[in-house]
Amino acid sequence: MVKADMRKDPDQPRQWRFDIVLADGFVLTELSAIVDVLRIANRICGKPPFAWTFRSKNGGKIESSAGASIETEPCTDMPDADYTFFIGNSDPDNPALSAGTCIRAYTYRGAKVFLLAEAASRYISEYKGDAHPFTTHWENLAFMRERDMEFDASDLIASEKDGIVTCAGMTATTDVVLSIIAQHISPVEKSTIADIMLIDQVRDPATRQIVHDRSAIRSGDELVNDAIRQMRSSLEIPIPMRILAHGLGLSLRSLERRFRRAVGKSPNKYYRELRLKHANNLLLNTSMSIQEIGIACGYPKGFTKQFRESHGITPSELRRAYAHSAPRAQVRSEIITE
C-alpha cells in the first residue's frame, strides 16, 4: 500500500490520492478493480502518479464477502483524498453502508466520491427530494423497485450529481477508474493499462450496464423473443399464457410449439424458471422477507412449495445454508457512520 505521506515529499511529483472505504462483507471484485488499475498505472508511468489508502469507520481488519481481510486506517474528519470509493457489500441493508457523515467530510473538502453498487443503493434510499437519475447495479434496482422506492433510476455504469457518483460496481468499476486516471496520464499510458488487463474496449461511464434483458434475447424466433421480454417485465404479476399468445397473434398451441423448438421447454416452464431465478437472487442478495419475495416473483401463495420443487430446498433452508457456507457481512454497531 502506498503511504499517505508520499505526496508531502517536495522531491515527489504530484500524486493523486484515493481513499477506499470498506465495510465488512465488501465485494473483493470491486476492490481489485480499483487497486489493480492504480497499481499497473504506477508501474508503467515514469513516476508513480497515484497513491491509495484503505479506510473503514474505526480502522482495523475488515473482511470481504469472499473471506479475504484488509487492514484499514480509520476514516478522518479532515480527509485529503482527491477521490474516494465506497465499496458495496453483500447486503444493501447493512447499516455500515449508511455513510452520509463520512461522504460529506469528503465532498466538503473537494474530493469526488464514488459509491459502488450497494453503497449507491443505500445512498439512494436515504437521499430525499432530488430528481437526478441515480445508478446502482441492476440487481439492486430490481429489489429497490420491489420495495416501492421512488427515485429516478439510470441503467448506466455511473451517474454524477454534485461531486457524488453513483455506480453499478462489479467489473464496471474498472471502466470508472480508468476514466478517472485518464485525466492524469497520457492516452498511450491508458491504452497500455487496458492492454495489460486484457480489456478490449474501455467503456465510457455513460454506457448502459450489460444486463440479461430485452436486447440480449436471441432464441432464433422473434415471437419467442417478444414473449420472453414480456415475461421478464411481468415477474410479479404473471401473464396467463393464453393472453400472452393472443397478444402475439398466436394460438396457445402454436406458442408452445415455437417455445419448445426455440428454447427446448414449454413457455410455462420457462416463465416459472425466470420467476424462481429472480427469487433466488432476492433470497441471497437482499433482506426481504420470504413472503415479500414470493409476492415479488408472482407467488402470493405457495412460494415455498414451488421453490422446494424446483431447488430441492426451501427458501429458508437456502438462506441458512448460504449464511453458513460463505462469509457474510457482520453488522457491527461501531461501523455505523450515522
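In this predicted model, four bridges join strand β9 to strand β10, and the two strands run antiparallel. Both belong to an open sheet of eight strands with mixed pairing. Helix α5 (residues 172–181) packs on that sheet, and its axis comes within 8 Å of the axis of helix α1 (residues 28–44).

**The β9–β10 hairpin**
- β9 and β10 form a hairpin with two residues between them.
- D162 lies in the turn and has a positive phi of about 55°.
- S159 has T166 in β10 as its bridge partner.

**The sheet**
- The strand order is β3-β4-β2-β1-β5-β6-β10-β9.
- β3 (60–63) and β9 (158–161) are the edge strands, each pairing on one side only.
- On average, and with direction ignored, neighbouring strands of the sheet are turned by 35° against each other.
- In a regular strand the side chains alternate between the two faces of the sheet.

**The β6–β10 pair**
- β10 (residues 164–167) also pairs with β6 (residues 112–116), here in the parallel sense and over four bridges.
- Within this pair, F114 stands opposite V165 in β10.

**Helix α5 on the sheet**
- The strands that α5 touches are β1 (16–21), β2 (50–56), β5 (83–86), β6 and β9.
- The direction of α5 makes about 175° with that of β5.

**Helix α5 against helix α1**
- The axes of α1 and α5 cross at roughly 35°, and the crossing is right-handed.
- On the α1 side, the residues in the contact are E30, A33, I34, V37, L38 and A41.
- They meet T173, T174, V177, L178 and I181 in α5.
- By type, the residues of this contact divide into eight nonpolar, two polar and one charged.

**Residue T173**
- T173 is placed in helix α5 and is one of the residues that meet α1.
- T173 counts as buried because its relative accessibility is 1%, and the cut-off for buried is under 20%.
- The side chain of T173 reaches the backbone oxygen of M170 at 2.8 Å.
- Leaving aside neighbours within four places in sequence, T173 is in contact with E30, A33, I34, F85 and L116.
- Among these contacts, E30, A33 and I34 are in α1.

Technical notes
Residues numbered from 1 in each chain as written. Predicted model: local features only at pLDDT ≥ 70, side-chain atom pairs only at ≥ 80, totals over all residues. Heavy atoms only, no water. Pairing = 2+ DSSP bridges. Axes fitted to C-alpha atoms, helices over the stretch in contact; angles between N-to-C directions. Contact = heavy atoms within 4.5 Å. Buried < 20%, exposed > 50% of the residue type's maximum accessible area, 1.4 Å probe, protein only. Polar contact = N/O pair within 3.5 Å; in protein donor to acceptor, adjacent residues only side chain to side chain. Left-handed = near helix turned anticlockwise from the far one by under 90°. Nonpolar A, V, L, I, M, F, W, Y, C, P; charged D, E, K, R; others polar.
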